[in-house]
Amino acid sequence: MEETDLRLESSLWVGNKRYRAVLTGWHFNWTEVDKTNRDKTTISVPVAEVFGVEEGRVEILPQKSIEDTDKDFTVFYVKRSSSGNSCGLLWRLGRTQFSCLSRVLRDQWTKHLRTALKTHSPLRPNRLLVFINPFGGKKKGRKVYHSLVAPLFELAGISSHVVVTERANQARDHILKKDLTGFDGVVCVGGDGMFSEILHGLIGRTQQEAGLCENDPAVTLQPCPIHIGVIPAGSTDCVCYATVGVIDPVTSALHIIIGDSQPLDVCSVHHASALLRYSVSLLGYGFYGDVLAESEKYRWMGPLRYDYSGTMVYLSNRSYAGIVQYLPADPLLSSPRDKTRCLSGCSVCSQSTERLFSHSSDPGSLCSSQFRPFSSDTEGEWVRVEGRFRCVSLTCMSCSCPKSPLGLSPSAHLADGTGDLILVWDTHPLGFLKFLYRHTCTEDQFDLPFVEVHRVKAVRFSLSPDEEEGAREEFGASGVGLDEEERSYIETVSRSGSQQHLAECGTGREMANKQKAASPFTCGLCCSKAPAVSVWNCDGEILTATEVLCRVHGQLVRLYARGIEDGAAKGTV
């Protein structure tokens with residue numbers, strides 16, 4: 001330690017034990033002073049992970065209380081512990097009460113610590129907009145927030161405006177229409193569905209304020225200036241698990257408090273010059289689309305509906321014809337088969353940040369080179385494959401979860417400006433079962449002759465003329481395109497400057513028509529004729545348009561997270 005780095009040093013007492021405390025620019029350390037003990041205990045906490053300093057002796061449970069003493073102060077900080085079966089580390093509230101020799105020394109310590117926090121944690125939020133989904137998961141969103149999260153926000157001095165949603169897309173509409181001045185971040189208390197609402201709202205509002213049209217697949221989207229915080233309280237919490245490593249409300253709340261910042265790639269999905277949706281985790285056609293469509297019939301079963309529907313879809317033994325075109329990413333930068341993992345401080349994502357923003361002094365504007373693949377002179381770079389597939393998947397993250405610890409693509413990166421395209425060709429049912437099983441263990445699911453994986457920047461999926469005609473005959477023209485009312489809606493929204501996705505009413509009507517016109521989606525063994533086309537599973541939402549253009553936008557949003565911490569390397573405090 002350089003002498004010039006020293007900020008403050010003195011003796012402090014914790015209980016009856018004396019410690020030598022040292023505050024440098026980056027760390028706060030205290031070491032036990034005991035001549036009879038050769039193994040002296042030293043606790044070192046990064047200043048960035050100290051999230052509260054208060055005068056007096058502060059108790060948190062069962063409720064906050066402060067004993068105002070002249071010579072004492074309390075420091076709150078992050079403590080780590082193993083998370084059992086999860087891949088990340090649990091964060092917990094650490095608290096130490098220090099005693100000084102004088103009030104003057106106490107005031108010096110509190111002043112220096114608070115100054116260090118402001119200097120080294122510029123992204124810490126002061127005011128948050130919080131959306132609670134009271135219906136998601138086990139319907140414990142309110143309880144999770146008020147009992148676990150709100151007390152931590154209060155302790156850290158963060159003010160919150162809380163909105164309890166009463167309908168679908170309320171959070172998205174609120175973000176699009178209300179004044180967000182003064183808010184440092186938006187927090188969702190719920191699952192992946194609530195996160196998707198906030199994602200669409202923030203991206204849509206940012207493009208609207210920038211005067212950009214989201215319906216243009218080649219448009220340079222503006223990165224969102226407001227951070228998103230995720231407090232897991234849903235039936236699926238894939239985004240939280242893939243960016244933090246654990247599904248734990250306290251851990252996520254502490255990441256928000258200290259102002260962690262994790263950039264995240266976003267994939268736009270277009271059809272017929274209209275934006276359908278944005279995706280950050282899974283965009284899947286075939287098996288994953290069929291499972292989602294089938295599960296909608298059994299919502300009363302809760303999360304078990306996915307296991308049941310997955311079994312039924314597997315037994316139906318279906319494959320779908322299609323044409324896949326993809327724009328490969330630079331293989332020298334990274335590969336989906338390189339056995340690396342995107343962890344906290346990922347070098348691949350860090351280098352991508354320099355590459356994405358290298359030609360712009362404004363971090364809110366991506367360099368134009370990112371969008372060169374969509375100009376006419378690069379059409380020859382696209383790779384085309386055609387055939388029958390069990391499933392076609394595109395993911396911008398590993399999609400790891402408790403049931404699949406390594407995820408759909410274990411080496412996918414959160415913020416490198418690419419996605420991983422997984423092609424599973426038509427194969428024997430037992431071969432496909434082996435592919436599915438390998439997601440639950442550590443075996444390489446790509447090491448199979450009928451599986452391909454490619455790191456890409458964009459993907460097009462279409463039907464051959466014969467298959468498209470067959471789909472039209474089975475479902476009607478609306479099954480593979482937009483009707484006139486939907487096109488009119490898109491044009492109207494585009495003119496108003498707020499482009500989100502297809503009107504829910506149109507999509508709902510389209511699904512209803514399909515259910516009337518076609519046999520049950522996966523009646524499997526008793527179905528005389530398999531459907532000609534599947535649907536897309538876009539982060540848990542059904543997209544019925546078959547032909548799509550998907551494009552990865554590098555680091556379009558930022559989360560209050562830091563990526564999955566490696567427990568072996570990080571250790572615990």
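Which side chain meets that of Glu386 in a salt bridge? The partner is Arg384, with an N to O distance of 3.3 Å. A salt bridge here is a side-chain nitrogen of Lys or Arg within 4 Å of a carboxyl oxygen of Asp or Glu.

Before we go on, a word about the model. It is predicted, so local features need pLDDT of at least 70 and side-chain atom pairs count only at pLDDT 80 or more, while totals for chains, interfaces and linings use all residues. Residues are numbered from 1 along each chain as its sequence is written, and side-chain values use heavy atoms, with hydrogens and water left out.

**Salt bridges**

The structure holds 25 salt bridges, including these:

| Pair | N to O distance |
|---|---|
| Lys403 and Asp307 | 3.1 Å |
| Glu386 and Arg384 | 3.3 Å |
| Glu443 and Arg438 | 3.7 Å |

Lys403 pairs with Asp307. Lys403 sits in the loop between strand 18 (383-395) and strand 19 (419-425), and Asp307 in helix 8 (residues 304-316), so this bridge ties together parts 96 residues apart in sequence. Helices (H or I, at least four residues) and strands (E, at least two) are DSSP runs, numbered from the N terminus.

How open are these residues? Buried means under 20% relative accessible area, exposed over 50%, and partly exposed in between, using a 1.4 Å probe and protein chains only. Lys403 is exposed at 57%, and Asp307 is partly exposed at 39%. Glu386 is partly exposed at 42%. In the remaining pair of the table, Glu443 is partly exposed at 40%, whereas Arg438 is buried at 12%. Elsewhere, salt bridges that share partners join Glu49, Arg80, Asp260, Arg562 and Glu565 into one network.

**A buried glutamate**

Glu54 belongs to strand 5 (residues 50-55). With 14% relative accessibility, Glu54 counts as buried. Beyond its neighbours within four places in sequence, Glu54 is in contact (heavy atoms within 4.5 Å) with Lys64, Ile66, Phe73, Thr74, Arg114 and Leu155.

A cavity is a set of points on a 1 Å grid over the protein atoms alone where a 1.4 Å probe fits but cannot get out; lining residues have an atom within 4 Å of a point. Among the residues lining the largest cavity are Ala242, Arg341, Ser398 and Ile564.

Methods. On a 1 Å grid over the protein atoms alone, a cavity is a set of points where a 1.4 Å probe fits but cannot get out, and a pocket is an open set with protein on both sides within 12 Å along at least five of seven lines; lining residues have an atom within 4 Å of a point.
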